[in-house]
Amino acid sequence: MALPSPPVPIDAAAEAGQLADLFNSLSQALDDFRLADHTPPVPADQLARLKDKAQAMEDRAHFFTAQAIGETLQSVQPDLANIKAVTAQAKTQVTVLNDVSKVISIATSALSLGTAIAAGNPASIVAAAGALAQTLAA
Amino acid sequence: MTLFPRMRVVANLNEMRRSLSADTLQEDLMPRASRDLACLVAVLVLPLVNCTTPDEVSKFCVSASTTLTSASVVFDDMKLSCLREVNSRDEFGTFRPPVQSDENCNAIGDQAVGAAAAAKVLSDYFSAINSLASFGTAKAGTNAQSLLSKTGAAVGESSSAQTALGSIAQFLVSAATSGYQRRQLEKDLPKVSANVSAVVSALITIVHDDYIDRQLGSEEQKLAVRYREFAKDKSPEIKLLLDDRWHADEQALAAKRASAQSLITALQSLSKGFADLAANAHQLRAKEVSGLLGPYATQLQALIPQIQKGF
């Protein structure tokens, strides 16, 4: 029986750059949400939470920009497309939602994914990507 | 290019033969064997002492080296832009001193230091070529291996650019320690040209994708958020004042983008000029070298102040 072929190496720098762009877009979407007019108005404490999430998301984007995660991305290569897809979907949902609780849930879940990627634990990354997908589907 | 234009060498050789035969090497003063040996020595030494240095090679290399040195202002601003962005999270009027350090900005700073180190390796390479073209040997002294330990953070430890940097660093060390001479250069140029191109390409990606698009783009977005947040529910007068300040900030960012774009243009020119030089290393005469490299050197010299303008 033929052995399975090894995975094709990815362009880690390009992948890290794409993740940085995705997290930056999500951060911007959160800022746009909190600065927009909502009816009823969003309570101040929730706006503050959204601001914190947006900034933490931006921190992740900086980390990815520094391309410090090449090795991690290599280890989750089979799930990379899914990770990028759910992150992009999170941003899309934030731009159309009016429910601040749901936006905060998505931001929290996406941030967990970013933190897992930065920590470099493949199992945690895959679990966090799955959790974000569930949050989006709820 | 020929670093030892054949016509000049032949002319000089003939001149020396005439001189030799007129003076000390007359038939009646020197035995035939000694005379032949003297001619042989003259033939071997002539290319090293009498070749004409094409000024344009030197001019091009100096311009390339200066361009690469001036790139440091762009790389330095990668971390500074990140810190400006972090500081823009404070609302106007909080009057807190700006943070000077941030974990994630430091990671970007490490990448920037790596990019600057890669530029320095290339700059040292062009200085060595200039030295070879001007004096016949590369000047001693390089910290190429030390620089190489930093470049992986910017171009990737296992990337083709890092391999290329390793090759260039090896050349620099060997040029400094083994008396590398310019006649070896013509042979090596095509090989090194591919390495220069790989490193330049990686630097352009960092400047374009990571700095202009990603970092400055993100800084601009967050700056806009800061203004929008503060302007909410403010009077039209205050909004007009903020608008003026926003445009000033925008101009500063545009100037940085323009400078970085000038660096990209310069890097492209430098790479193309060097590739042309390498491709024609065995074919061109001094006058043709001048025609080939002159426009590149002129363009680089014009771009250097533009690179520094925005900082």
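Welcome! Everything here belongs to a predicted model, in which local features need pLDDT of at least 70, side-chain atom pairs count only at pLDDT 80 or more, and totals for chains, interfaces and linings use all residues. Residues are numbered from 1 along each chain as its sequence is written, while chains are lettered from A and ligands numbered from 1 in the order in which they are written.

**Confidence**

- For the complex, the predictor gives an ipTM of 0.89 and a pTM of 0.83.
- Chain B has a mean pLDDT of 82, with 78% of its residues at 70 or more; pLDDT is the predictor's confidence in each residue, from 0 to 100.
- Among the elements of chain B, the highest mean pLDDT (97) belongs to helix α4 (residues 72–87), and the lowest (39) to helix α2 (residues 32–50).
- Residues 1–31 of chain B have pLDDT below 50, and this stretch makes 42 contacts in the model beyond near neighbours in sequence. Two residues are in contact if their C-beta atoms, placed from the backbone, lie within 7 Å.
- Residues 33–53 of chain B also have pLDDT below 50, with 28 contacts in the model beyond near neighbours in sequence.

**Chain A as a whole**

- Chain A contains six helices and zero strands, and its pattern along the sequence reads α-α-α-α-α-α.
- The C-alpha trace of chain A spans about 65 × 30 × 20 Å along its principal axes.
- Of the 138 residues in chain A, 41% count as buried. A residue is buried if 20 or more other C-beta atoms lie within 10 Å of its own, exposed if 12 or fewer, and partly exposed in between, with C-beta atoms placed from the backbone.
- Among contacts in chain A with a separation of 6 or more, 78% come from residues 24 or more positions apart.

**Where the chains meet**

- Contact between the chains involves 20 residues of chain A and 20 residues of chain B.
- On the side of chain A that touches chain B, α1 (12–35) and α2 (44–65) each supply at least two residues. The largest share, nine residues, comes from α1(A).
- That side of chain A divides into eight nonpolar, eight polar and four charged residues. Ala, Val, Leu, Ile, Met, Phe, Trp, Tyr, Cys and Pro count as nonpolar, Asp, Glu, Lys and Arg as charged, and the others, Gly among them, as polar.
- A:Ala68 is placed in the loop between α2 and α3 (70–75) of chain A. Leaving out residues up to four places away in sequence, A:Ala68 touches A:Phe63 and B:Ala107. A:Ala68 counts as partly exposed because it has 18 C-beta neighbours inside 10 Å.
- B:Ile108 belongs to helix α5 (residues 103–135) of chain B. B:Ile108 counts as buried because it has 26 C-beta neighbours inside 10 Å. Not counting residues up to four places away in sequence, B:Ile108 touches residues including A:His62, A:Thr65 and A:Ala66, as well as B:Met78.

**A helix pair in chain B**

- Helix α6 (residues 144–155) and helix α7 (residues 160–177) of chain B have axes that come within 10 Å and cross at roughly 170°. Axes are lines fitted to C-alpha atoms, for helices over the stretch in contact, and angles run from 0 to 180 degrees between N-to-C directions.
- The crossing angle makes α6(B) roughly antiparallel to α7(B); angles under 35 degrees count as roughly parallel, over 145 as roughly antiparallel, 65 to 115 as roughly perpendicular and the rest as oblique.
- Residues making this contact include B:Leu148 and B:Val155 of α6(B), and B:Leu165 and B:Leu172 of α7(B).
- By class, the contact of α6(B) with α7(B) has eight nonpolar, five polar and no charged residues.

**Two loop residues with positive phi**

- B:Phe95 lies in the loop between α4 and α5 of chain B, and its phi is near 55°, a positive value in a residue other than glycine. B:Phe95 is exposed, with 6 other C-beta atoms within 10 Å.
- B:Asp233 lies in the loop between α8 (182–231) and α9 (236–279) of chain B, and its phi is near 65°, a positive value in a residue other than glycine. B:Asp233 is exposed, with 6 other C-beta atoms within 10 Å.

Terms used
Helices (H or I, at least four residues) and strands (E, at least two) are DSSP runs, numbered from the N terminus.
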